[in-house]
Amino acid sequence: MNRRPFRCTRPRAALSSLLLSAALAGCGASAPVNYYTLQGPAAPGGAGAGAGASAPYLIDVQPVNVPTQADQPQLMVRTGDGSLSALYSERWSAPLGDELRGALSDALKRELGALDVQMVKPGPGAATWRVQTDVQRFELVSGRMAQLDVTWRVRPVNMKGTGLLCRSVVTETVADAGVPALIAAQQRAVAALGGAIATAIRGQAPAGSGAVQMYGCSALKD
């Protein structure tokens with residue numbers, strides 16, 4: 001008499017159910033993800049150097065180049081021993097280059113009273129200041145500081161003015177522990193960088209002050 005081999009299906013099904021339950025339990029126990037932006041809160045009443053003013057030109061803030069080490073979805077934070085830690089539960093709300101571009105555009109709009117070309121459709125021959133930014137270092141140092149080391153260019157388009165190539169290092173100290181203090185410091189750093197760039201657009205020599213150190217500027221060739 002032929003006998004079919006006995007197959008134990010129930011224990012296997014029970015094992016699959018147990019593994020699924022464990023996986024779901026693990027997902028439920030994972031830490032919540034927090035998202036951050038470099039665009040700081042709007043000043044009360046639109047206060048700022050350019051508040052109430054309307055510039056006779058537009059600004060064109062180009063995409064920002066960011067070093068690969070910092071250009072990650074999660075925050076990359078340097079600790080006291082110099083090591084770099086990825087905080088997988090602390091993330092940027094957009095790619096870091098986009099965050100920097102948006103925050104810098106906001107700072108320049110406040111400082112100059114100018115609109116970004118991404119907000120309006122400029123007509124042919126519209127007077128524009130083009131801003132290009134290359135980030136050399138983007139540092140978040142736990143409990144100590146936030147720092148931006150940036151090479152930037154401003155160039156007039158369809159208008160008179162002097163284009164400049166400059167390097168700025170902006171350092172904001174962090175007195176409190178925790179990620180929110182680091183983010184607030186980096187928001188201040190971007191705003192301070194925007195102030196230096198705005199000074200150059202106004203036709204003045206950007207000088208180091210406060211958190212901003214200038215490492216030279218040179219005129220761009222036409």
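**Contacts, core and strand pairing**

Colleague: Leaving aside its neighbours within four places in sequence, which residues is D71 in contact with?

Modeller: This is a predicted model, in which local features need pLDDT of at least 70 and side-chain atom pairs count only at pLDDT 80 or more, while totals for chains, interfaces and linings use all residues. Residues are numbered from 1 along each chain as its sequence is written, and side-chain values use heavy atoms, with hydrogens and water left out. A contact means heavy atoms within 4.5 Å. With neighbours within four places in sequence set aside, the contacts of D71 are V66, L96 and G97.

Colleague: What separates the C-alpha atoms of D71 and P95?

Modeller: The two residues are 24 residues apart along the chain. Their C-alpha atoms are separated by 7.2 Å.

Colleague: Read along the sequence, what pattern does the chain follow?

Modeller: The secondary structure comes to three helices and eight strands. Read from one end of the sequence to the other, the pattern is α-β-β-β-β-α-β-β-β-α-β.

Colleague: How many residues does the largest nonpolar core have, and which have the most contacts inside it?

Modeller: A nonpolar core is a set of buried Ala, Val, Leu, Ile, Met, Phe, Trp, Tyr and Cys residues joined through side-chain atoms within 4.5 Å. The largest has 48 residues, and those with the most contacts inside it are L100, F138 and L148.

Colleague: Which element gives the most to this core?

Modeller: Several elements each supply at least two residues of the core, among them helix 2 (96-112), strand 5 (128-141), strand 6 (145-157) and helix 3 (179-201). With 13 residues, the element giving the most is helix 3.

Colleague: Which residues is L100 in contact with, leaving aside its neighbours within four places in sequence?

Modeller: L100 is one of the residues with the most contacts inside the core. Leaving aside neighbours within four places, its partners are L38, V64, V66, V135, F138, L148 and V190.

Colleague: How far apart are the closest N and O atoms of D60 and R130?

Modeller: Side chains of opposite charge can pair when their charged atoms come close. A salt bridge is a side-chain nitrogen of Lys or Arg within 4 Å of a carboxyl oxygen of Asp or Glu, and the structure holds nine. D60 is buried at 13% relative accessible area, whereas R130 is partly exposed at 32%. In the salt bridge between D60 and R130, the closest N and O atoms lie apart by 3.4 Å.

Colleague: Why does the D60 and R130 pair tie together separate parts of the chain?

Modeller: D60 forms a salt bridge with R130. Because D60 lies in strand 2 and R130 in strand 5, the pair ties together parts whose separation in sequence is 70 residues.

Colleague: Which residues are linked with R78 in a network of salt bridges?

Modeller: The side chains of R78 and E139 meet in a salt bridge of 3.1 Å, N to O. R78 lies in strand 3 and E139 in strand 5, so this pair ties together parts 61 residues apart in sequence. R78 and E139 are both buried. The network links R78 with R137 and E139.

Colleague: What is the bridge partner of Y35 in strand 4?

Modeller: Strand 1 (residues 34-36) and strand 4 (residues 84-92) run parallel and are joined by three bridges. Within strand 4, the partner of Y35 is R91.

Technical notes. Buried means under 20% relative accessible area, exposed over 50%, partly exposed in between (1.4 Å probe, protein chains only). Helices (H or I, at least four residues) and strands (E, at least two) are DSSP runs, numbered from the N terminus. Two strands pair if DSSP finds at least two bridges between them.
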